[in-house]
Amino acid sequence: MRQEPYGHFAGCKIMCVTSPDGEHWGEPADALLPGAAGSWDEGGVLTANVVYTDGRYYMWYVGVPKGYSDENELPRSCSWAAAATPDGPFVRGTRMPAIGPGAPGEWDDFAVDDITALYWKGEWRIYYKGTSRAQRDPDLTQVGFAQAPSITGPYRRNEHNPVIRGHAFSVWPYQNGLLLLTGLKDRAHEGYIYRGDWNDPRGKQYLYYSEDGIAFEPCCEFENRASGIFVPPGEAAQDIRNYWGVTVNTRNAHLGRYIERFDFVLSGE
């Protein structure tokens with residue numbers, strides 16, 4: 001959250017809002033502030049993803065250094081903080097990023113952000129958006145993942161990266177595979193969201209499915225921008241109708257942004 005006129009990354013902090021039913025929400029409270037002077041995330045923190053495991057809540061987040069601005073983009077990295085309760089306070093688990101930009105010339109050599117962490121098939125995975133120095137167009141970013149035996153790492157990048165185009169995405173286990181909302185049009189240049197008008201009517205967006213977490217195929221049209229998904233516990237997780245999410249929307253091209261809820265409904269219902 002940023003309390004000044006909208007700008008990417010710089011000056012952002014992470015806040016927590018709770019709800020008893022997913023419809024009515026309380027007032028936001030600080031969950032994680034920018035890092036201390038001289039730290040790698042001093043310039044701002046954002047795009048939190050929180051996972052509960054081993055009695056702790058782990059928040060993955062993006063950090064930017066001091067001096068970051070829309071006119072002065074700097075490399076972005078990610079790390080995690082932990083808390084005993086979902087509303088914090090969250091305490092940083094590392095002094096340096098847990099995962100940063102890839103090697104020079106790689107698809108993610110400028111920035112990694114928008115992490116989703118999940119435990120699947122006996123290992124922890126962090127799916128992340130990568131940006132290259134050669135191609136910083138936000139409508140052409142890609143998604144890859146890294147793997148580790150523990151949620152805290154150490155993480156190694158998968159050899160099949162990148163696995164799909166994506167921006168401000170969500171990915172979660174469903175039945176025997178993974179579902180993914182990428183927040184981009186299905187084909188490059190088919191229609192723009194992040195570079196131009198968020199209300200661009202051209203092209204289609206899809207919900208994707210994968211059985212191995214590497215090869216994703218579109219399974220139905222699904223509009224999405226910067227979503228977060230509620231995954232129900234137990235047997236309820238077998239039915240997509242028990243899932244719901246929140247997404248960022250806008251009243252015009254880029255301003256007047258707000259968060260709204262969406263639900264999953266089967267065709268014909």
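Residues are numbered from 1 along each chain as its sequence is written, and side-chain values use heavy atoms, with hydrogens and water left out. Because the model is predicted, local features need pLDDT of at least 70 and side-chain atom pairs count only at pLDDT 80 or more, whereas totals for chains, interfaces and linings use all residues.

Strands are taken as DSSP runs (E, at least two residues) numbered from the N terminus, and two of them are said to pair if DSSP finds at least two bridges between them. Strand 3 is joined to strand 4 in the antiparallel sense over 8 bridges, and Y52 has Y57 in strand 4 as its bridge partner. These two strands form a hairpin with 2 residues between them, and D54 in the turn has a positive phi of about 55°. On pairing with strand 5, strand 4 is again antiparallel, over 7 bridges, and here W60 stands opposite W80 in strand 5.

A nonpolar core is defined as a set of buried Ala, Val, Leu, Ile, Met, Phe, Trp, Tyr and Cys residues joined through side-chain atoms within 4.5 Å, where buried means under 20% relative accessible area, exposed over 50%, and partly exposed in between (1.4 Å probe, protein chains only). The largest such core contains 25 residues, of which W60, I99, I115, I126, I151 and Y155 touch the most other members. At least two residues of this core are supplied by each of strand 3 (44-53), strand 4 (56-64), strand 5 (77-83), strand 7 (111-120), strand 8 (123-131) and strand 9 (142-148), and the largest share, 4 residues, comes from strand 4. Leaving aside neighbours within four places in sequence, W60 is in contact (heavy atoms within 4.5 Å) with T47, A48, N49, S79, W80, A98, I115, A117, I126, I151 and Y155. Apart from this core lies another, of 14 residues, among them F169, L178, Y206 and Y208.

With a disulfide defined as a pair of cysteine sulfur atoms within 2.5 Å, the count comes to 0 disulfides. For C16, the nearest cysteine sulfur, that of C12, is 17 Å away; C16 is buried, with a relative accessible area of 17%. For C219, the nearest cysteine sulfur, that of C220, is 4.4 Å away, and C219 is partly exposed, with a relative accessible area of 46%.
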